[in-house]
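Open the model in your viewer and keep the selection panel at hand. The tour goes from one ligand to the other, then out to the whole chain.

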Amino acid sequence: MTHPFLSIRDFGVRFPVRSESFRRGRYFYAVRHISLDVRKKETFCLVGESGSGKTTLVWAILGLHPFAEGEMAFCGRSIKRSNDPVHQALISNAQMVFQDPVAAVSPFLTLGQSIEEPLRARGVGKKERAAIAQRLAAETGLSHELLGRRPCEVSDGQNQRVCIARALSTKPAILFLDEPLTALDAIVQREVAELLYRMKKDYNATFFLVTHDLGFVKRCGTTVAVMYLGRIVERAAKETFFSNPCHPFSQALLSSVLKPGIWKGERIVLKGESPSPQNPPSGCVFHTRCPRRLPVCEKTAPEERLVGAEHAVCCHLF
Ligand SMILES: Nc1ncnc2c1ncn2[C@@H]1O[C@H](COP(=O)(O)OP(=O)(O)OP(=O)(O)O)[C@@H](O)[C@H]1O
Ligand code: SF4
Ligand SMILES: [Mg+2]
């Protein structure tokens, strides 16, 4: 049997509650009961509302937050706690591209030095580093002249190209991209999306993409997982997700996309604000906003059910 490249079971990440009446030892879960499998070389897409826990999940996978519950496995080897040796193996095979390209690069390094940074940390010699940086700069559309500049002397799109080149410099087995297009204007977004699409083909790494851009998911995704208030409410192959979205929140998310070809039905407008993870609703966490809620939804949390091949939904309607 072949193992998934990365698998997560019943994963939970919590943070201390900070309030005026702060009591020691009180926590809230930003992410809970998360289970998913990422296959080697696929583009796994994580979508969902702002604050639903996407970044928290990625950071916990990469050991930047400890996970409080559940376990992970990397190439079939179990990771039971943050930073155990298998977790270290996952971390050293991974790289990350962040949302804000300017904050992600050191203002004191030139663009060339930034691209070389992960190689330097791995002890690669100066000549080889410079050669790799130049090749990656050419591949990501950065002219040779730009490599001597600092981040404040180039555009956000050029800084994001540096971040992508830097992340690819060590040939990671898995690349985490946390909203890589959000901070860019529409034209630059298209250029960087094109670059990522090309780099995925050329490098053939596994991509774990967090994004609000469902058009981009439709173009380059393989699997889609939808998050709402710290839970994954639907998981499916990309084609299934776009042709047969089942969870009422997935349908609302798709209906909000204005691009043609994403949603054919009527627009679904959700009422009310997303609840706080510090005080999640009882039963189904989506029941306070769900247009299709049933009497049972308020009291009983639905379990995840398979509704088709590799298509799982967490909703009492199924
Ligand atoms: N270090 C932290 N301490 C306390 N709470 C946190 C911390 N990091 C995140 N949170 C909370 O956890 C929840 C999930 O946040 P997260 O940043 O993971 O959401 P997100 O889905 O990535 O949102 P966005 O799409 O806006 O980036 C939010 O309620 C957030 O306020
Ligand atoms: S379980 Fe109920 S409230 Fe939750 S999404 Fe399904 S129908 Fe809506
Ligand atoms: Mg985020």
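Which of the 14 residues around ligand 1 come nearest? Select Ser50, Gly51, Lys54, Thr55 and Thr56: they are the ones. A residue counts as near a molecule if one of its heavy atoms lies within 4 Å of it.

A word on conventions. This is a predicted model, in which local features need pLDDT of at least 70, side-chain atom pairs count only at pLDDT 80 or more, and totals for chains, interfaces and linings use all residues. Residues are numbered from 1 along each chain as its sequence is written, chains are lettered from A and ligands numbered from 1 in the order in which they are written, and side-chain values use heavy atoms, with hydrogens and water left out.

Stay on ligand 1 and show its polar contacts (pairs of N or O atoms within 3.5 Å).
- Ser50: a polar side-chain atom lies 2.4 Å from an oxygen atom of the ligand.
- Gly51: here a backbone N or O atom is 2.7 Å from a ligand oxygen.
- Glu179: a side-chain N or O atom sits 3.1 Å from an oxygen of ligand 1.

On its own, ligand 1 has 640 Å² of accessible area, and the protein covers 65% of that (Shrake-Rupley method, 1.4 Å probe).

Next, colour by secondary structure (DSSP runs: helices, H or I, of at least four residues; strands, E, of at least two). Strand S2 (27–38) and helix H1 (54–61) are the elements that give two or more residues to the shell around ligand 1. H1 gives the most, with three.

Move to ligand 2. Of the 13 residues around it, select Cys284, Cys290, Cys297, Cys315 and His316, which come nearest. Colour the shell by class: eight residues are nonpolar, three polar and two charged. Cys counts as nonpolar in this scheme.

Finally, zoom out. The chain has 10 helices and 12 strands. Its radius of gyration, taken over C-alpha atoms, is 21 Å, close to the 20 Å that the globule rule (2.2 Å times the number of residues to the power 0.38) gives for 318 residues, so the chain is as compact as a globular protein of that length.

Technical notes. A polar contact is a pair of N or O atoms within 3.5 Å; within protein, one must be able to donate a hydrogen and the other to accept it, and residues adjacent in sequence count only if both atoms are side-chain atoms.
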